[in-house]
Amino acid sequence: ERVDMAPADGVAQGRYQVDGFPYNGTSIPLEASQAGVTYLKQLAGLDLNERRKPQKGKIKAAVGGTRHELEVQTAGSAAGEFLKIQIDPKKRTSFRLEGLGLSEDQLAKMQALIAEPGGIVLVSAPKGQGLTSTLYGILRAHDAFLTHIHTVERAPEEDIEGITQNKIAANATPEDEFKQVSWVLSQEPDLAVVTLVESPKTAQERGNYASGGKRVYVGVRAGSTFQALEQ
């Protein structure tokens, strides 16, 4: 789902990511790699003369008769231009709960949890290991047409039908986060999701709200269950 090319010491190292796991590819001579970056920048409609500042563009591609969207990102450094290609970025989180790779026992426990009313549910994962996909899969397991659902997200990765997704700036302060969450809770949704919580006041506010019988999901970036609980 992702291809990286990072220049260093006269070569560029290719890396691939499949199902969230990185793999090293081959090394490419720096001159050839930079020619490849220039070619892809041209296809993506980026500025070929700008070799330092980050740029982002898109390419439509077909492989084996299947259409794909490639999100191309470049950025410069003293060693050369870095390249990152995301394959079908809009499909990264388009999973239903049944498609997340859970065992039958895990899936049954998740479905039972979702059927329960009220309470706070912590959903945690390390960065890049499926936190958003899991949250979106859980959201899709709820009936969005019979349940009043709101989210607070710094960068919604896709639109989910029937759910009110409230955007918050990527660089929002903890106070900005608290204000947005407070407004969302004032709408009295049956179910609320905050994909990432950084403000202790926000955590307290959500705890108070969940104690009234509402269901609250909270996303936590953590390397383990114990780190998530500590946060």
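The model is a predicted one, in which local features need pLDDT of at least 70 and side-chain atom pairs count only at pLDDT 80 or more, whereas totals for chains, interfaces and linings use all residues. Residues are numbered from 1 along each chain as its sequence is written, and side-chain values use heavy atoms, with hydrogens and water left out.

Helix H3 (residues 131-141) is largely enclosed by the rest of the structure, because nine of its 11 residues are buried (under 20% relative accessible area, with a 1.4 Å probe and protein chains only). Among these buried residues are Leu 131, Leu 135, Tyr 136, Ile 138 and Arg 140. The buried residues of H3 pack against helix H2 (104-115) and against strands including E7 (119-125), E8 (149-153) and E11 (215-221).

The axes of helix H4 (residues 174-186) and helix H5 (residues 200-210), taken as lines fitted to C-alpha atoms over the stretch in contact, come within 9 Å and cross at roughly 15°. H4 and H5 are therefore roughly parallel to each other (angles under 35 degrees). The contact (heavy atoms within 4.5 Å) involves, among others, Phe 178, Val 181 and Leu 185 of H4 and Glu 205, Arg 206 and Tyr 209 of H5.

Thr 74, which lies in strand E5 (residues 66-77), counts as buried because its relative accessibility is 4%. Leaving aside neighbours within four places in sequence, Thr 74 is in contact with residues including Val 37, Leu 46, Pro 54 and Phe 82.

Conventions
Helix = DSSP H or I, 4+ residues; strand = E, 2+ residues; numbered from the N terminus. Buried < 20%, exposed > 50% of the residue type's maximum accessible area, 1.4 Å probe, protein only. Axes fitted to C-alpha atoms, helices over the stretch in contact; angles between N-to-C directions. Parallel < 35°, antiparallel > 145°, perpendicular 65-115°, else oblique.
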